[in-house]
Amino acid sequence: MKTGKSALSGRISDMDLRLLRVFREVVQAGGLAPAEVALNISRSTISVHLSDLETRLGMQLCLRSRGRADFKLTPEGEALYQAILELDGHLASFKSQVNAIQSQLTGKLRILLPDDVLAMPQLDLPATVARLRERAPQLQLDIQLAAPHELELEILAGRADVGLNPLHSRRPGLSYQPLFSHQSLLYGAASHPCAADVDEEFITQQELAAPDHAVLSGAAHLYRLFPYKSIANHMAARLAMILSGKFIGFLPEYLAKPYVKKGDLTALLPARFSYRIQNALTWKGSAMEQPAVNLFRDLLVADREL
């Protein structure tokens, strides 16, 4: 389908943008059929739009069928999808800069947080949200939960503005503000065999509830000691697996504390299996120009200091 001519050498029209939006929604939905709801148009119309876009660009973007499972992007389609995500990020930045011209903050602030954020003793998120609403009553909040490895990618792709996550390493294009650190220990349920046997070799042969992404460099050596692992990227999932009595796993002390107090959890060889995590506020470098990001950061830091 190559034309040998630059498909978008002229001005990008409103129709081009509409076709790109249709393509983005189809990719995110995973096929033409599931995209019908998001786009509120028929599958046949979606197919025509995709064909028009392929003709306009002079390349095949996807292999499509009636079902979801057979939908697949071509390499050109994958590259175009990534370019659309980057465009979305630029548009969001543009909207935020326009908002800065206005007397009041409007638009949307997209925040990503860990699922155990309310248990963190160093933060008072409800107070921060309340003050943010008072200072910017017209600002729409979009607060989502994300695992650490997802958060940075979402911000880089322009799908989120700011987030709170463990500081694994510093990615190019992102800015970080360290906030606080906490201790993580290895825990097992009271019913787990490890609760009665504190032998290190026996402990490391148990199945560990662990994230499937790279862990902090300061903790990697501990995770490597456990050959048997099941996946739990979110803290709530990890906690549930440990409380089941069938797994052991690392948890922040603040999250495990009430369960330890009730006798449901016990720390396993804390002098051996422990590490510290630095938590940081994270945003895209260009987001410093967004007043809403600056306001959220300032309020979060101020509430910590009260």
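Which residue in S5 does Leu 112 stand opposite? I looked up the pairing and found Gly 163 in S5 opposite Leu 112.

Entry 1, basis. I worked on a predicted model, in which local features need pLDDT of at least 70, side-chain atom pairs count only at pLDDT 80 or more, and totals for chains, interfaces and linings use all residues. Residues are numbered from 1 along each chain as its sequence is written, and side-chain values use heavy atoms, with hydrogens and water left out.

Entry 2, strand S5. I took helices (H or I, at least four residues) and strands (E, at least two) as DSSP runs numbered from the N terminus; two strands pair if DSSP finds at least two bridges between them. S3 (residues 108-113) runs parallel to S5, joined by 2 bridges. With S11 (residues 274-284), S5 pairs in the antiparallel sense over 5 bridges; there I noted Trp 283 as the bridge partner of Val 162. Of the 5 residues of S5 (residues 162-166), 5 are buried, so the strand is largely enclosed by the rest of the structure. Buried means under 20% relative accessible area, with a 1.4 Å probe and protein chains only.

I listed Met 235, Arg 238, Leu 239, Met 241 and Ile 242 as the buried residues of H9 (residues 235-243). Seen down the axis of H9, they fall within an arc of 165°, so they line one face of the helix; the arc is that of the directions from the helix axis to the C-beta atoms. Just after H9, I noted a positive phi of about 85° at Gly 245.

How values were computed: Buried < 20%, exposed > 50% of the residue type's maximum accessible area, 1.4 Å probe, protein only.
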